[in-house]
Amino acid sequence: QVQLVQSGGGLVQTGDSLRLSCAASGLTFSGYAMAWFRQAPGKGREFVARIPSSGDRTDYEFSVKDRFTISKDNAKATVYLQMNSLEPEYTGVYYCTAGSGSCANWTCRANRNRYDYWGQGAPVTVSS
């Protein structure tokens, strides 16, 4: 049984930092691309960041590229999202996800339907 268990959400103020974690079990972690999506209030689930199984690159949604960092630790089967200089626009529920397929382009990497397993979600609220 595959599980992605998230931790690290919360309420912060503008300019603060927060780190989300997602611990995976029941799958061969090193063989999966890992990603984070965000669902803002009243909106759909949108791509935030991705790291492939090889770990040799990272992809980010444009607005978070210089603020957020995705990383993973294969030994701990855990993926992280370090979020710095947070703004109210980043408020939402953050989901980690794992995908077994490879993606050659941005459209594929940012497509939530390309991922197989999802975490339970971690609410992040950034107050102004």
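Analyst: Happy to. A salt bridge here is a side-chain nitrogen of Lys or Arg within 4 Å of a carboxyl oxygen of Asp or Glu. Please keep in mind that this is a predicted model. With that rule, the count comes to 3 salt bridges.

Let's begin with the linked group. R57, D59 and R109 are joined in a network of salt bridges. On one side of it, R57 pairs with D59, and their closest N and O atoms are 2.7 Å apart. R57 has 36% relative accessibility and therefore counts as partly exposed. D59 has 6% relative accessibility, so D59 counts as buried; the cut-off for buried is under 20% relative accessible area.

D59 also meets the side chain of R109 in a salt bridge, at 3.5 Å from N to O. This pair links distant parts of the chain: D59 belongs to strand β6 (residues 59–60), while R109 lies in helix α1 (residues 106–109), 50 residues apart. Both D59 and R109 are buried.

R67 forms a salt bridge with E87, with 3.8 Å between the closest N and O atoms. Here too distant parts of the chain are linked, since R67 sits in the loop between β6 and β7, and E87 in the loop between β8 and β9 (92–99), 20 residues apart. R67 is partly exposed because its relative accessibility is 26%. E87 has a relative accessible area of 26%, so E87 is partly exposed as well.

As one example of how they line up, I70 has L81 in β8 as its bridge partner.

Both strands belong to an open sheet of 4 strands, in the order β1-β3-β8-β7, with antiparallel pairing. β1 (3–7) and β7 (68–73) stand at the edges with a single partner strand each, so one side of each has no neighbour in the sheet. On average, neighbouring strands of this sheet are turned by 15° against each other, direction ignored.

Key:
Residues numbered from 1 in each chain as written. Predicted model: local features only at pLDDT ≥ 70, side-chain atom pairs only at ≥ 80, totals over all residues. Heavy atoms only, no water. Pairing = 2+ DSSP bridges. Helix = DSSP H or I, 4+ residues; strand = E, 2+ residues; numbered from the N terminus. Axes fitted to C-alpha atoms, helices over the stretch in contact; angles between N-to-C directions. Buried < 20%, exposed > 50% of the residue type's maximum accessible area, 1.4 Å probe, protein only.
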